[in-house]
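Here is a note for a colleague who is meeting this structure for the first time. Please read the points with the model open beside them.

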Amino acid sequence: FFCIALAGGIAKLAYEGLKERKLTKLQKWYIVVTDETLDGHVNYERICKEFATPLAIPKANVLAVTSNSSTEEVARKYEVSIRDLLQSSGIPEIDLVVLELGNEGSVCSL
């Protein structure tokens, strides 16, 4: 298993860096979305479209943020989801974190 934390805006660039490599067992990759808007799954959809799907990583392996409550509650639930993913898959930790700096200076914001 391999777990990558990925920012939505960097998904296409990350894919471009990997597409020529002979990667195997991508169905065992898991992706944690590091940034998301609370009014939709904008970066989740971007990561699925520009990174996971072209690399044949199952969409079910992309951990989405659920945004149906306060910011604090969303962050708490997502933290629990990440912990559950790591424990249930046997992944001891996130292997790689690929971030970007947002236009307003944000990093890993929910």
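**Helix packing and the sheet**

1. The crossing of H1 and H2 is right-handed, a term used when the near helix is turned clockwise from the far one by less than a right angle, anticlockwise being left-handed. The contact (heavy atoms within 4.5 Å) is made by Ala11, Lys12, Ala14, Tyr15 and Leu18 of H1 together with Arg46, Ile47, Glu50 and Phe51 of H2. Helices (H or I, at least four residues) and strands (E, at least two) are DSSP runs, numbered from the N terminus.

2. This is a predicted model, in which local features need pLDDT of at least 70 and side-chain atom pairs count only at pLDDT 80 or more, while totals for chains, interfaces and linings use all residues. Residues are numbered from 1 along each chain as its sequence is written, and side-chain values use heavy atoms, with hydrogens and water left out.

3. The axes of H1 and H2 come within 8 Å and cross at roughly 20 degrees, where axes are lines fitted to C-alpha atoms, for helices over the stretch in contact, and angles run from 0 to 180 degrees between N-to-C directions. H1 and H2 are therefore roughly parallel to each other, the word being used for angles under 35 degrees.

4. Which residues of helix H2 (residues 42–52) are buried? They are Asn43, Tyr44, Ile47, Cys48, Phe51 and Ala52, buried meaning under 20% relative accessible area with a 1.4 Å probe and protein chains only. Seen down the axis of H2, these buried residues fall within an arc of 140 degrees, so they line one face of the helix; the arc is that of the directions from the helix axis to the C-beta atoms. Their cover includes strand E1 (2–6), helix H1 (11–18), strand E2 (29–33) and strand E3 (62–63).

5. The open sheet has four strands in the order E3-E2-E1-E4, with parallel pairing, and two strands pair if DSSP finds at least two bridges between them. Its edge strands are E3 and strand E4 (96–98), each of which pairs on one side only. Five bridges join E1 to E2, with Ile31 in E2 as the bridge partner of Ile4, whereas E2 and E3 pair over two bridges.

6. E2 is mostly covered, since five of its five residues are buried. Trp29, Ile31 and Val33 point one way from this strand, and Tyr30 and Val32 point the other way. H2 lies across E1, E2 and E3, running at about 145 degrees to E2; helix H3 (residues 71–89) also packs on the sheet, touching E1, E2 and E3, and its direction makes about 170 degrees with that of E2.

Conventions
Buried < 20%, exposed > 50% of the residue type's maximum accessible area, 1.4 Å probe, protein only. Parallel < 35°, antiparallel > 145°, perpendicular 65-115°, else oblique.
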